[in-house]
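Work through the following exercises with the structure in view, and try each task before you read its solution.

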Amino acid sequence: MSLPARLDRLLARAEELRHILSTAPGADIGALSKELSELDPLVAKVNELRAAERARDEAAALMADPEMRDLAEAEWLEQKERVPALEREIRILLLPRDSADERSAILEVRPAAGGDEAGLFAAELFRAYQRYAEARGWRFELLDYDESDLGGIKGATAEINGRGVFARLKYESGVHRVQRVPATETQGRIHTSTVTVAVLPEAEEVEVQVNEGDLRIDTYRASGAGGQHVNKTDSAVRITHLPTGIVVAMQEEKSQHKNRAKAMKVLRARLYDAQRSAADSARAADRKSQVGTGDRSERIRTYNFPQGRVTDHRIGLTLHKIDRVMLGELDDIIDALTAEDQAARLAADAA
């Protein structure tokens, strides 16, 4: 179907929804209102495109008038450039959307290779994501923070609440590599360490049914660096989902009940992510032509401190402002990844 025909159908559907909502009190108001709200940005952009097309055509007609030619030609040139730009924006809006894009997310950051230095960088990267979330007005709730002796972490988990969190952070999943001279290095040698990041769309209880009989729940005493978080009661909780082998441990809260609730939230997110990955075979098949968002063994980014640069290997992007990135200024990277993914999907859609 041609683009104009698709847009005509879209406008007609939006008008139909408005009519139903205003005249049919027995209709499913919630579902119809949701559909209309999702169409509204497209409708606004289509109206903008149609207005630009009219202005372009009117300017072209006025160019035959010698007295209006200069003004008309300037208007025609402006609208001639604007129309294809608007068409591209609309094609992007028409691309199939990830159903999880608007959701909140669970963030997990863990050191991988590199010992203490990996733990230190994992803590810094976790704080960078916290700053990014706070700058965007999202709520960043710490679920678990397992601190190491030197001030790094053995692992940290947070729930980030807000609209569109997963859409912005989903490209962060993968292996992050750091190259720098550790504070404990006396010879000035650069060490390479790695950290793994997982960003999971948050799942509702109704979406992921967890059978209590499939769970093994162990309790134990919480522990931490320097005696922090140590309790005299068995408040820490470890939940093992027997069918999948997924293990989630929580010890941040002093209450066993709260730790269990947090662990179940993370478990549901991991199970939901596994279901999405298994069901979405099309996305897996197309991954070579898209920006990776799921393979957590993929080395996606390098943070080189001596050279002050951050390089995202998936799109060949290098920024020489590592200090700003570590302060949570991630938009340049995320915007570039989003644009690259959109371009790849537009090309696939046109093929």
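**Exercise 1.** In this predicted model, find how many aromatic pairs there are, and classify the pair that Phe126 and Phe140 form.

*Solution.* The count comes to five aromatic pairs. For Phe126 and Phe140, the distance is 5.5 Å centre to centre and the angle between the planes is 70°; since planes over 60 degrees apart count as edge-to-face, this pair is edge-to-face.

**Exercise 2.** Classify the pair of Phe126 and Tyr145, and decide whether Phe126 is buried or exposed.

*Solution.* The ring centres of Phe126 and Tyr145 are 5.9 Å apart and their planes stand at 50°, so this pair is tilted. It links helix α4, which holds Phe126, with strand β2, which holds Tyr145, across 19 residues. Buried means under 20% relative accessible area, so Phe126 at 2% counts as buried, and Tyr145 at 15% is buried as well.

**Exercise 3.** State where strand β2 stands in the sheet and how β2 pairs with strand β3.

*Solution.* Begin with the strand order, which in this open sheet of eight strands is β2-β3-β1-β5-β4-β9-β10-β11, with mixed pairing. The edge strands are β2 (139-147) and β11 (317-319), each of which pairs on one side only. Finally, β2 and β3 (residues 153-161) pair in the antiparallel sense over eight bridges, and Glu141 stands opposite Glu159 in β3.

Conventions: Residues are numbered from 1 along each chain as its sequence is written. This is a predicted model: local features need pLDDT of at least 70, side-chain atom pairs count only at pLDDT 80 or more; totals for chains, interfaces and linings use all residues. Side-chain values use heavy atoms; hydrogens and water are left out. Two strands pair if DSSP finds at least two bridges between them. Helices (H or I, at least four residues) and strands (E, at least two) are DSSP runs, numbered from the N terminus. Rings of Phe, Tyr and Trp (its six-membered ring) pair if their centres lie within 6.5 Å; planes under 30 degrees apart count as stacked, over 60 as edge-to-face and the rest as tilted. Buried means under 20% relative accessible area, exposed over 50%, partly exposed in between (1.4 Å probe, protein chains only).
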